[in-house]
Amino acid sequence: MTVSTIVHVGALELKNPVLSASGTYGHGLEMSNFVSPALLGGLVSKTVTRKPRPGNAPPRMAETPSGMLNSIGLENRGIEYYKKEVLPTLRGAGTRIITNIGGESVEDFAYCAELLDSESVVEALEVNLSCPNIQGAKLPFSTDANLAAAAIAAVRKATKKPVWAKLSPNVTSIGDIAKAVEAAGADAITAINTLLGMAIDWQKRLPLLSTTFGGLSGPAIKPVALRMVVECSRSVRIPIVAAGGARSADDVLEFLVAGASAVQIGTWNFVDPAAIGVIVNELPRLLRDSKIADIADLIGSLRAPTPVKFEGVEASLER
Ligand SMILES: Cc1cc2nc3c(=O)[nH]c(=O)nc-3n(C[C@H](O)[C@H](O)[C@H](O)COP(=O)(O)O)c2cc1C
């Protein structure tokens with residue numbers, strides 16, 4: 001039985017739904033010794049910002065049960081470097097290149113989007129809305145529907161490329177933020193970024209991270225990510241790209257059933273840098289075993305009663 005693993009995120013066709021998640025797979029082809037990039041549906045870069053950023057002081061990673069905390073702080077060499085040194089190496093990678101951009105102001109986001117607009121190798125922009133807005137109360141763009149919409153509207157104006165709005169789970173109602181960025185012109189939603197958490201060394205009475213709080217990721221957050229993908233997919237018409245704890249081909253298919261059109265693999269790359277290739281290769285077998293000829297048929301196929309309305313974190317499919 002021949003099976004198709006092709007999916008579409010809006011107008012962008014992917015040979016399969018498996019993407020790398022921003023910040024866990026380098027900027028360019030750093031991981032190609034482990035897995036041929038041509039195997040993947042796409043590569044998502046680490047967040048690139050207008051100016052170079054040194055990131056936060058160490059320690060900025062801590063292992064947790066079934067997950068990890070990080071507070072890298074968007075370390076990167078800036079968009080000029082990325083354009084000049086990284087993008088040329090990505091030509092001929094044989095996969096879709098999605099560049100993740102960040103900013104401390106609406107203007108920063110627009111600046112990065114405009115600079116990348118003429119780069120044919122970049123097939124879509126993923127906008128990391130979890131960056132703090134330094135012009136306001138330093139709250140991340142992702143936590144306020146108006147701020148999130150302002151950043152997306154500015155990016156939309158600055159580029160003709162598909163715009164994916166990457167949302168944070170650290171909100172009361174992710175569906176409301178999803179609706180706001182859809183109205184502002186986003187072509188897709190990426191859900192989710194990391195969940196705020198912390199770890200403590202009780203003997204030293206100190207947090208394990210220099211920043212006290214950090215972002216929790218990995219298998220521990222998959223149930224939250226699944227719930228949020230369902231909430232997003234029932235709140236908007238644009239496609240959803242899932243992220244959060246996926247580590248197997250079964251996980252990828254779960255996210256598709258929840259309503260995602262593609263799935264990013266993040267923290268699991270640190271556990272096994274070759275796993276993302278194994279996941280891609282296992283998809284056809286899982287589809288054949290279940291007599292599914294077209295993977296796209298699974299997208300949003302969750303059999304559950306549509307809730308009357310979402311009430312933020314209280315949302316339940318049983319009501
Ligand atoms: C070490 C690390 C660095 C990350 N850096 C970024 C980043 O630069 N930009 C971004 O949008 N997300 C970043 N993320 C979030 C991931 O892309 C992803 O949304 C999140 O970790 C959930 O997926 P996972 O559980 O599969 O890792 C980072 C995650 C980790 C663990």
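A: Two strands count as paired if DSSP finds at least two bridges between them. The model is predicted. By that criterion, strand β4 (residues 42–44) pairs with β7 in the parallel sense, over three bridges. Valine 44 has isoleucine 98 of β7 as its bridge partner.

Strand β7 spans residues 96–101. β7 also pairs with strand β8 (residues 122–128). Here too the sense is parallel, and the bridges number five.

Now the burial of β7. Six of its six residues are buried, and the strand is mostly covered. In a regular strand, side chains alternate between the two faces of the sheet. From β7, Arg96, Ile98 and Asn100 point one way. Ile97, Thr99 and Ile101 point the other way. Both sets are buried.

Another pairing is antiparallel: strand β5 (residues 61–64) is joined to strand β6 (residues 67–70) by four bridges. Methionine 61 stands opposite asparagine 70 of β6. β5 and β6 form a hairpin, with two residues between them. In the turn, serine 66 has a positive phi of about 60°.

Last, a helix pair. Helix α4 (residues 174–183) packs against helix α5 (residues 222–233) at about 45°, with the axes 8 Å apart. The two are therefore oblique to each other. The crossing of α4 and α5 is right-handed. α4 contributes Ile174, Gly175 and Ala178 to the contact, and α5 contributes Met228, Glu231 and Cys232. Four of these contact residues are nonpolar, one is polar and one is charged.

Key
Residues are numbered from 1 along each chain as its sequence is written. This is a predicted model: local features need pLDDT of at least 70, side-chain atom pairs count only at pLDDT 80 or more; totals for chains, interfaces and linings use all residues. Axes are lines fitted to C-alpha atoms, for helices over the stretch in contact, and angles run from 0 to 180 degrees between N-to-C directions. Angles under 35 degrees count as roughly parallel, over 145 as roughly antiparallel, 65 to 115 as roughly perpendicular and the rest as oblique. A crossing is left-handed if the near helix is turned anticlockwise from the far one by less than a right angle, and right-handed if clockwise. Two residues are in contact if their C-beta atoms, placed from the backbone, lie within 7 Å. Ala, Val, Leu, Ile, Met, Phe, Trp, Tyr, Cys and Pro count as nonpolar, Asp, Glu, Lys and Arg as charged, and the others, Gly among them, as polar. A residue is buried if 20 or more other C-beta atoms lie within 10 Å of its own, exposed if 12 or fewer, and partly exposed in between; C-beta atoms are placed from the backbone.
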